[in-house]
Amino acid sequence: MTSGTAPKLLGSGLIILLLVVLPRFTSTYIHSFLIDLMTFVILAQSWNLFSGYTGYISLGHGAFFGVGVYGFALSISKLSWPPLLALLGGGVVAVVLAFLFGIVFLQVRIKIAYFALITLSLSEIMRAFIQNTPGLGGAQGTTTPLIPTPLLAYYYLLVLTVLVTLTAYLVKRSRLGLGLRAIRADELAAEVSGVNAFRHKFAVFLVSALFPGLVGAINVWFWSYTEPDQAFNIIVSFNMVIMTLLGGVGTVAGPLVGALVMGVVSELLSTTFPFLHAIIFGLLIILIVIFWPGGVLQVTEQLRAAFREKGRAFSGHATSQSKE
Amino acid sequence: MTFSVFIALFINGAVWGSVYSLVAMGLNLIYGVMKILNIAHGELVMIGAYFAFWLFTLWGINPLISAVLVVPLMFAMGVLIQWLVVNPIGRENSSTESIERASLVAFFGALLIFQNIALSLWGTEYRTVPYLTKPVQFSHFVISAARLVILGIGLVLPFLMSAFLHKSLTGKGRPPHGLAELRNRFCLRRGRRSPREHDVPFHSCRGPVLHSQSIYRHGSGRSGKPSGSAGQRLGHRRC
């Protein structure tokens, strides 16, 4: 265990403990806000797992969320599976879709532009497909049985949040993460040095589809109703990108920070100024790309370094004075 | 399906196709030549369309005249975007791939800005420009006069563009494999003070550097131009 790990471990343990006991003392409004927030965190983290680590920007990761939504809704209402099994079903359906997609489009070194477009269309294709298939609920959508208590969704999401963060941490530190970073830097060079690019991308793509699928399933249980436009809303895909960029691409803490910022800002602004928060996020994204490609984390890092520098200069000045 | 229905559908498809081809020409310039991935291109089309709509609704300006007015407006917008977004990206990134990645993300931000400004200003309802709606009767089918005009313009503009690219000095100066590739080959980075060790010494890059800057400016302006006129011709908002 390295020196930096213990405080990190302690800090995350405390936060988790706080989140476990928090629902006992707060209102249902706070519950639903935290449910949204954790949904954001998991979505951002799983987008970052694939797109952040490999550099292949996916604009349609919301497809896996939507497929998870429908996997759960249909298996619980049409096949009357027990909820826990249906949740897993949502995740599995997302992984299957990712498998079919990945085995075709990750084989080749596809251009970044085309990958973004293909993923964008994946989400739209799924929406159109379900809209036009009466057997899957069609454009009217489907209802699911009511969740016994919103707290159930809360705790499921909490477990998933911890799991996805842990996964991101482990992937980043592992040999797999090293390979992914090599692919991001230069895929051809990585392949030449012995990284099996397809296997690396494929593995992490499947994992990055599993979590949105599960989150979609939990969310629809909480909503108790869904329709294609809601499940495959392009905003979900876009939010994943925005949050990760905001926090810091390719880091473990970045998506967490980005999701927090996004959750709080959109909660504050979206009701009073419906379009303003999207404009603000657009501006932030442009500024981040140009000036701070590392996101909020880079800014805080720079500020901390600047303060340290200042402090050192100050103390150095003091000691030199005392010598005199 | 009778023959006349087929012909009518065919003509309508060709009208839409000619509009899309204008949009695609602009996108091809900015992506094909500069490797700038402008995913907010459709938003520029939408803004061009709104310019034409408001010119028509407020002052009753003929859409055919506002097509001429909207082009310089959209060109100015292209220059502005060039200064505010594209130039800084070109300064910060060196490889084609990182330019593509950075511009994709930055223009994603631009897309959010344009779309939500338009939404908050003008709402979500469809707008139409009722101009030249008089139907023209051919032997087998009927088509509105406006669509015929659109088709005509859509068929002429690609040839003008092609002539511009192949005959004019600016067009000929366009490197065959795209500007980004050219920069990769010569390791050019504009605005860089100290060359990297494998760079061509900076002073020897001076000619191409100036050259590339001028192409950048023209490239972005040109891509704004067709989208402006295409959007103008769409006549209503597409999202």
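A: Happy to. A residue counts as buried here if 20 or more other C-beta atoms lie within 10 Å of its own, and as exposed if 12 or fewer do. By that count, buried residues make up 43% of the 324 residues in chain A. Please keep in mind that this is a predicted model.

Along the principal axes, the C-alpha atoms of chain A fill a box of roughly 85 × 55 × 40 Å. Of the contacts in chain A between residues at least 6 apart in sequence, 80% join residues at least 24 apart.

Now for the core itself. The largest nonpolar core has 135 residues, and the members that touch the most others are A:I218, A:I285 and B:A106. Its largest share, 13 residues, comes from α9(A). In soluble globular proteins, nonpolar side chains tend to be buried together.

Leaving aside residues up to four places away in sequence, A:I285 touches A:I242 and A:L245 in chain A, and B:V105, B:A106, B:F108 and B:G109 in chain B.

That brings us to the contact between the chains, which takes 22 residues from chain B and 17 residues from chain A. On the side of chain B that touches chain A, the elements giving two or more residues are α3 (63-92) and α4 (96-122) of chain B. The largest share of that side, 16 residues, comes from α4(B). By type, the residues on this side of chain B divide into 15 nonpolar, three polar and four charged.

Most residues other than glycine have a negative phi. A:S224, however, has a positive phi near 65°. This serine lies in the loop between α9 (197-223) and β2 (225-226) of chain A, and A:S224 is exposed because 12 other C-beta atoms are within 10 Å. A:S80 also has a positive phi, of about 45°, although it is not a glycine. A:S80 sits in the loop between α3 (62-77) and α4 (83-105) of chain A, and with 9 C-beta neighbours inside 10 Å it counts as exposed.

Technical notes
Residues numbered from 1 in each chain as written. Chains lettered and ligands numbered in written order. Predicted model: local features only at pLDDT ≥ 70, side-chain atom pairs only at ≥ 80, totals over all residues. Helix = DSSP H or I, 4+ residues; strand = E, 2+ residues; numbered from the N terminus. Contact = placed C-beta atoms within 7 Å. Core = buried A, V, L, I, M, F, W, Y, C linked by C-beta atoms within 7 Å. Nonpolar A, V, L, I, M, F, W, Y, C, P; charged D, E, K, R; others polar.
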